Amino acid sequence: MYDVIALGELLVDLAERTKDENGYPTLAANPGGAPGNFLAALSAYGKKTAFLAKVGDDTFGHLLTGTMRRAGIDTRGILISPDTFTTLAFVTFDAHGDRSFAFARKPGADTQLRWEEIDPAMLAESRVFHFGSLSCTDEPARTATQKAAAYARAHGRLVTYDPNYRAPLWKTEQEAREQILWGLSQADIVKISDDEVRFLWGCGPEEGAERLLADFGVRLAMVTCGPKGCLLQNAGAAVRVAAPRVLPVDTTGAGDIFGGSAVSRLLQLGRAPEALTEDELTAIGRFAATAASLSTQYPGGISAIVPEETVLRCMEG
């Protein structure tokens, strides 16, 4: 039995490290894709995970599969496509370590995953099904995602969702909004950023969390606010949690690491999301915010996940 199985994009982040005198960057390749980062955090913090994804039959595709395996993620659901290349994300940074993205994905292998290629038994063997919006940008992965979510819900699995909005990957803002709102309607637990709340509804974290609970039936809303920490809210309580102060060098994957860390603590507690007390929400938020913040001190996503002992030590300090 898996604790969490995720479906979605698995790609390589080509992150800027330096520029020459003409402005051409030197790029460092790192494993990426929000669901992979999410699962890697869960695995690092003691949970059993598996991935449903597709990569190209190329150097990066094979490297990514090996990285997932070394991270403790079951890779039997990762397919190798002979017809499309592994998706590449080009990541540049501002002075604060915040990112901008461009993508080589026309199409990328991750968009070509078909429902017929997924073993439903893997979904049935997991306590939690996780997905994000980027597997809904293109067909056939959109239909595969919709059917996987329907299967998980029909079999009583907990569903977690991360909008992970990346404007360059959508044809229009309207399409992005429609697909993200559909994803929210499928989820028991949502990890969403304050920027994504603003994109969807033009409001702040508190109103965004209220909307998730009241309009979408979400049982636990987790709104991340970057260095300002996070807001966690269910039907019975709402808590604001501060993030530890760090000097970030790369924020890639921090939100995904927050999500995976939070779900690892939720599963450890073994309680329904809507039944969590204020103290339990605070404990989940503190662990996740600390793990995510510490990861920003290192380059990359998966490679930046710090050990559980390091997170706990920072929380005690």
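Overall fold

Mentor: The protein chain has 10 helices and 14 strands, where helices (H or I, at least four residues) and strands (E, at least two) are DSSP runs numbered from the N terminus. This is a predicted model, so local features need pLDDT of at least 70, side-chain atom pairs count only at pLDDT 80 or more, and totals for chains, interfaces and linings use all residues. Residues are numbered from 1 along each chain as its sequence is written, and side-chain values use heavy atoms, with hydrogens and water left out.

Trainee: What share of the 317 residues is buried?

Mentor: Buried residues make up 59%, buried being under 20% relative accessible area (1.4 Å probe, protein chains only).

Trainee: Changing topic: which residues of helix 4 are buried?

Mentor: They are Ala141, Arg142, Ala144, Thr145, Ala148, Ala149 and Ala152. Seen down the axis of helix 4, they fall within an arc of 160 degrees, so they line one face of the helix; the arc is that of the directions from the helix axis to the C-beta atoms.

Trainee: And what covers them?

Mentor: The cover includes strand 1 (2-7), helix 3 (120-124), strand 9 (126-132), strand 10 (158-162) and helix 5 (173-186).

Trainee: What comes just after helix 4?

Mentor: Gly156, with a positive phi of about 70 degrees.

Trainee: Which residues touch the most other members in the largest nonpolar core?

Mentor: Phe51 and Phe258, out of 50 residues. Such a core is a set of buried Ala, Val, Leu, Ile, Met, Phe, Trp, Tyr and Cys residues joined through side-chain atoms within 4.5 Å. Helix 9 (residues 278-295) gives the largest share, eight residues.

Technical notes: Contact means heavy atoms within 4.5 Å.
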